[in-house]
Amino acid sequence: NKMSRFLKQLAQQAQQVFKFREQVGFDVKGNRYFKLIRDGKEQRTVLYKDDPPDVSSIPIEWSLWLQSQRKQPPTPEEIEEANKLRQEIIRRAKEIEDDDSKFRYQIPLNRIKEESQSIHQATLNSQQNSTKQIK
């Protein structure tokens, strides 16, 4: 029967894939990373923890490895250091944003004060001129 032959071939291929698959690491979200040797060539793959897979859950260090942009898989220490650096960058960006927003609002407040002083002075001048004309 064609179907049973197909299933048997599929099972054999799956056994070969799993036979040559070596886990090289995992990330904090539970995704596992493997390299496979197929026809003498290394292929890199990920087994997602979530179903359906959440591609955005892959840390950049693992993404670079999967795309062969780095030779060795990232170590847990590398990932931890990169996470600390990312948190520091986020913290600094927030500080800059806060400083910028204070400065941005300070300029309009100074202009409002100047304009209100000018209006007040103009009003006083106008009142003085009108009282001089009455006399």
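Which residues line the largest pocket? Before we get there, a word on what you're looking at: this is a predicted model, where local features need pLDDT of at least 70, side-chain atom pairs count only at pLDDT 80 or more, and totals for chains, interfaces and linings use all residues. Residues are numbered from 1 along each chain as its sequence is written, and side-chain values use heavy atoms, leaving out hydrogens and water.

Now the pairings, which call for at least two DSSP bridges between two strands. S1 (residues 21–26) and S2 (residues 32–38) share five bridges, and Arg 21 has Leu 36 as its bridge partner. Five residues separate these two strands in a hairpin, and Gly 30 in the turn has a positive phi of about 95 degrees. S2 and S3 are joined by seven bridges; here Lys 35 partners Arg 44.

Back to the opening question: the lining is Val 24, Gly 25, Phe 26, Asp 27, Val 28, Pro 59, Trp 62, Pro 73, Pro 74, Pro 76, Ile 79 and Glu 80. S1 and helix H3 (76–134) are the elements giving two or more residues to that lining. A helix here is a DSSP run of H or I, at least four residues.

Notes: 1 Å grid on protein atoms, 1.4 Å probe; cavity = no way out; pocket = protein on both sides within 12 Å on 5 of 7 lines; lining within 4 Å.
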